[in-house]
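User: I would like to learn how to read a model like this one. Could you take me through it feature by feature?

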Amino acid sequence: MTELVRYTVDLAHASQERGGSNRLSAYVARPAGDGQWPGVVMVMEIFGVNDDMRAHANRIAGWGYEVVVPDLYSDGGVRRCLVATMRSLMTSKGKALVDTEPGR
């Protein structure tokens, strides 16, 4: 298996500049070493950025990609953010969609 670098990054400033969440973190996984890798912004499932999502990101990173998984529940927790996130997906506007952009 390819050696990976895994960490959490703070995307709050980039999100705020676009009118998104005041707090936004993301899980990042990429191959170890120097280089430029193709990127994937992976959208989390309804349960958030959990062990399953990190395992999926790690697997994709093992194939040679840099993977960013924005935590759309960062700014208020699951209960508060779940409704807003689902509304954003249904209306094609809102913080959840704005919050995916800094990951790109």
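This is a predicted model: local features need pLDDT of at least 70, side-chain atom pairs count only at pLDDT 80 or more; totals for chains, interfaces and linings use all residues.

User: Take α2, then. How far apart are its end C-alpha atoms, and what span should its 12 residues give?

Analyst: Helix α2 covers residues 51-62. At 1.5 Å a residue it should span 16 Å. Its end C-alpha atoms are 16 Å apart, so the two agree.

User: Which residues of α2 are buried? Where do they fall, seen down the axis?

Analyst: The general idea comes from the helix repeat. An α-helix has 3.6 residues a turn, so residues three or four places apart point the same way. Here the buried residues are M53, A57, N58, I60 and A61. Down the axis of α2 they fall within an arc of 165°, so they line one face of the helix.

User: What covers that face?

Analyst: The cover of the buried α2 residues includes β1 (4-10), β2 (25-31), β3 (39-41) and β4 (66-70).

User: And the ends of α2? What caps the N-terminal end, and what phi does G64 take?

Analyst: N50 is the N-terminal cap. One of its side-chain oxygens lies 3.1 Å from the backbone nitrogen of D52. Just after α2, G64 has a positive phi of about 105°.

User: Now the nonpolar cores. Which residues of the largest one touch the most other members?

Analyst: In soluble globular proteins, nonpolar side chains tend to be buried together. The largest nonpolar core here has 15 residues. Y27, M42, M44, A57, V67 and V69 touch the most other members. At least two residues of this core come from each of β2, α2 and β4. Helix α2 gives the most, with four. There is also a second, separate core of five residues, L11, L24, A26 and V28 among them.

User: Pick V69. What is in contact with V69, beyond four places in sequence?

Analyst: S25, A26, Y27, M42, M44, V49 and A57.

User: Polar residues next. Is D75 buried or exposed, and what does its side chain reach?

Analyst: D75 sits in the loop between β4 and α3. Its relative accessibility is 10%, and the cut-off for buried is under 20%, so D75 counts as buried. Its side chain reaches the backbone nitrogen of N22 at 3.2 Å. It also makes a polar contact with the side chain of R23, at 3.3 Å.

User: And S88? Is it buried or exposed?

Analyst: S88 belongs to helix α3 (residues 77-91). It is buried, with a relative accessible area of 4%. Beyond four places in sequence, S88 is in contact with K93, G94, K95, A96 and L97. Its side chain reaches the backbone oxygen of K93 at 3.3 Å. S88 and V98 are 10 residues apart in sequence, and their C-alpha atoms are 9.3 Å apart.

User: Last, backbone angles. What is the phi of S92, and where does S92 lie?

Analyst: Most residues other than glycine have a negative phi. S92 is not a glycine, yet its phi is positive, about 60°. It lies in the loop between α3 and α4 (95-100). At 57% relative accessibility, S92 counts as exposed.

Technical notes. Residues are numbered from 1 along each chain as its sequence is written. Side-chain values use heavy atoms; hydrogens and water are left out. The expected span of a helix is 1.5 Å times one less than its number of residues. Buried means under 20% relative accessible area, exposed over 50%, partly exposed in between (1.4 Å probe, protein chains only). The arc is that of the directions from the helix axis to the C-beta atoms. Contact means heavy atoms within 4.5 Å. A polar contact is a pair of N or O atoms within 3.5 Å; within protein, one must be able to donate a hydrogen and the other to accept it, and residues adjacent in sequence count only if both atoms are side-chain atoms. A nonpolar core is a set of buried Ala, Val, Leu, Ile, Met, Phe, Trp, Tyr and Cys residues joined through side-chain atoms within 4.5 Å.
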